[in-house]
Amino acid sequence: MREFASFEPAEQRYIKRALDIGLARGDAFKLWGKSEEENTSIRRQYVVYQDMKALRQSVPRAGAISEVERFIAKCLRLAVFDLGEEGISSFSAFRFLYERLLSAEVRPYLPSLFCAAAAQPMIRPAQRKLLLQSLSEAAATAPGWSTRAPTFYPECIEDAEAV
């Protein structure tokens, strides 16, 4: 919870929206669609996230190069979409979202996936620089990653419920 609280409000909002769509937790149009532009973005996100269930099942377990290649190629489309929406502005927020969308087993692949997505030409140069600078040396060179499943999954709280 503490890590999530450290994210910018726009990042928190985007993560909650992405989790609602990626985990099929509810109608994202009702919860998050405040404008026609946002409804268009949500529609596109539903389309990009349609392979989420299959991706969860294809996280490489043994690390065979063919499994890694297939998995990273499929995930790259999602990651480029999420970073291109500019709702995620750091590796920390990206990791937080993707380990919840895909599982704890995805953690070792996230630095390379993040770098590949952030370096794509469709990401604005200023945003690309901000994203790539957010990846710490420790995260990029970690000798190992926890396999403990995340326990905190942030959700939208209606204004009336928050009082």
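Predicted model: local features only at pLDDT ≥ 70, side-chain atom pairs only at ≥ 80, totals over all residues.

Q: OK. At what angle do the axes of α6 and α7 cross?

A: At roughly 130°. The axes come within 12 Å. Here α6 covers residues 65–84 and α7 covers residues 91–102.

Q: Why call α6 and α7 oblique?

A: Angles over 145 degrees count as roughly antiparallel, and 65 to 115 as roughly perpendicular. The α6 and α7 axes cross at roughly 130°, so the two helices are oblique to each other.

Q: And the handedness of the crossing where α6 passes α7, left or right?

A: That crossing is right-handed.

Q: Which residues make the contact?

A: From α6, they are F71, C75, L78, A79, D82 and L83. From α7, they are F94, L97, Y98 and L102.

Q: How does the contact of α6 with α7 split by class?

A: There are 9 nonpolar residues and 1 charged residue, with no polar ones.

Q: Next pair. How do the axes of α7 and α8 cross?

A: They cross at roughly 120° and come within 11 Å. Helix α8 is residues 110–118. With that angle, α7 and α8 are therefore oblique to each other. Their crossing is right-handed.

Q: Switching to α2 and α4. How far apart are the axes, and at what angle do they pack?

A: The axes are 10 Å apart, and the angle is about 45°. Helix α2 runs over residues 9–22, and α4 over residues 36–48. That angle makes α2 oblique to α4. α2 passes α4 in a right-handed crossing.

Q: Which residues of α2 and α4 meet?

A: R13, Y14, R17, A18 and I21 are on the α2 side. E38, S41, I42, Q45 and Y46 are on the α4 side. The contact divides into 5 nonpolar, 2 polar and 3 charged residues.

Q: Which helix gives the most to the lining?

A: α7 does, with 4 residues.

Q: And the lining by class?

A: The lining of the largest pocket has 6 charged, 5 nonpolar and 2 polar residues.

Key: Residues numbered from 1 in each chain as written. Heavy atoms only, no water. Axes fitted to C-alpha atoms, helices over the stretch in contact; angles between N-to-C directions. Parallel < 35°, antiparallel > 145°, perpendicular 65-115°, else oblique. Left-handed = near helix turned anticlockwise from the far one by under 90°. Contact = heavy atoms within 4.5 Å. Nonpolar A, V, L, I, M, F, W, Y, C, P; charged D, E, K, R; others polar.
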